[in-house]
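Me: I have a structure to read and I am new to this. Can we go through a few features together?

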Amino acid sequence: MDCLSASQLCCIKQDRELFEGLSLQVSAGEALHVVGDNGAGKTSLLRILAGLSQPQRGSVVWNQVDISEQPELYNTAVLYLGHKLALNGHLTARENLKFWCGLHQIEADTDFYVLLAHLGLTGLEDVPVVNLSAGQQRRVSLCRIWLKQAKLLILDEPFNALDVDSRALLENKLQQHVDGGGLLILTSHWQLPEVFHTRELRLEYNI
C-alpha cells in the first residue's frame with residue numbers, strides 16, 4: 001500500500017522558523033487538508049513533500065524510501081500543482097499541455113480537444129493562454145491531473161478562481177482519485193465536501 005510520511009521536518013524562511021518537529025503520514029485512499037494562516041508555511045510544506053524544496057532538518061519517505069535517494073522514481077508517482085500555473089502565455093492551451101507532457105515524458109493518448117472541452121474550454125483550445133481569464137487558465141493547468149496517472153496529488157489552492165461547475169468537476173475527480181486508492185494532500189480556503197473524509201493538519205503562524 002502506497003504511503004508518504006514525513007518525520008521531524010524543520011523549515012526556515014528568511015530567518016523565520018515556519019515549523020519545527022513536524023511529522024505526518026498519508027496512506028492510500030487518504031486525503032490530508034493542510035490549513036493555517038497566510039505565512040504559516042503551507043506552501044513551503046507542500047513543496048518539501050513534493051521534493052521541490054529541502055527542509056533544514058527531517059526527512060520525507062515514499063514507500064519506505066527517502067525521496068532524496070530515488071528522486072526519479074518519486075517524480076513518476078507524484079503530481080504537484082502550485083499557486084503559479086506554470087503556463088506559457090504565448091502558447092495555446094493545447095500547446096501548453098502538449099509541451100508539459102513532453103517535458104515530463106508522459107505519453108498522453110488523450111485527445112487534448114476532448115479533455116479541454118471536458119473542463120469547459122471548448123473553442124479556447126487554440127487561443128494563447130495570456131488571453132484567457134484567470135479561471136480558464138486555472139482549468140488549463142488542472143488538465144494535468146487528468147493527463148498524469150499520479151499516485152500522489154499535492155495541490156496548492158486548486159479551487160482558486162474556479163466557478164461552481166468547475167469546482168464540482170474537480171471535486172468529483174479528486175474523490176475518484178482517493179476512492180481509487182490514490183493519496184491527496186492539498187491546501188484550500190474552500191470548505192471541502194464531507195465525502196472526502198479529509199484529515200486536517202493545522203500549521204500555526206510562528207513569530
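Me: Is Val 130 buried or exposed?

Reply: Keep in mind that this model is predicted. The idea is to compare the relative accessible area with a cut-off: over 50% counts as exposed. Val 130 has a relative accessible area of 55%, so Val 130 is exposed.

Me: Where is Val 130 found?

Reply: Val 130 is in the loop between H4 and H5. Setting aside neighbours within four places in sequence, Val 130 is in contact with Gly 89 and Gln 137. Its C-alpha atom and that of Arg 94 are separated by 13 Å.

Me: Now a helix. Which residues of H3 are buried?

Reply: Start with the general idea. An α-helix has 3.6 residues a turn, so residues three or four places apart point the same way. In H3, residues 93–103, the buried ones are Ala 93, Asn 96, Leu 97, Trp 100 and Cys 101. They lie on the same side of H3, because they cover an arc of only 130° around the axis.

Me: What is exposed on the other side of H3?

Reply: Lys 98, Phe 99, Gly 102 and Leu 103 are exposed there. As for the buried residues of H3, what covers them includes strand E6, helix H4 and helix H5.

Me: Last, the cysteines. How many disulfides are there?

Reply: A disulfide is a covalent bond between the sulfur atoms of two cysteines. The cut-off is a pair of sulfur atoms within 2.5 Å. Here the count is 0 disulfides. For Cys 11, the nearest cysteine sulfur is that of Cys 10, 7.2 Å away. Cys 11 is buried, with a relative accessible area of 2%.

How values were computed
Residues are numbered from 1 along each chain as its sequence is written. This is a predicted model: local features need pLDDT of at least 70, side-chain atom pairs count only at pLDDT 80 or more; totals for chains, interfaces and linings use all residues. Side-chain values use heavy atoms; hydrogens and water are left out. Buried means under 20% relative accessible area, exposed over 50%, partly exposed in between (1.4 Å probe, protein chains only). Helices (H or I, at least four residues) and strands (E, at least two) are DSSP runs, numbered from the N terminus. The arc is that of the directions from the helix axis to the C-beta atoms. Contact means heavy atoms within 4.5 Å.
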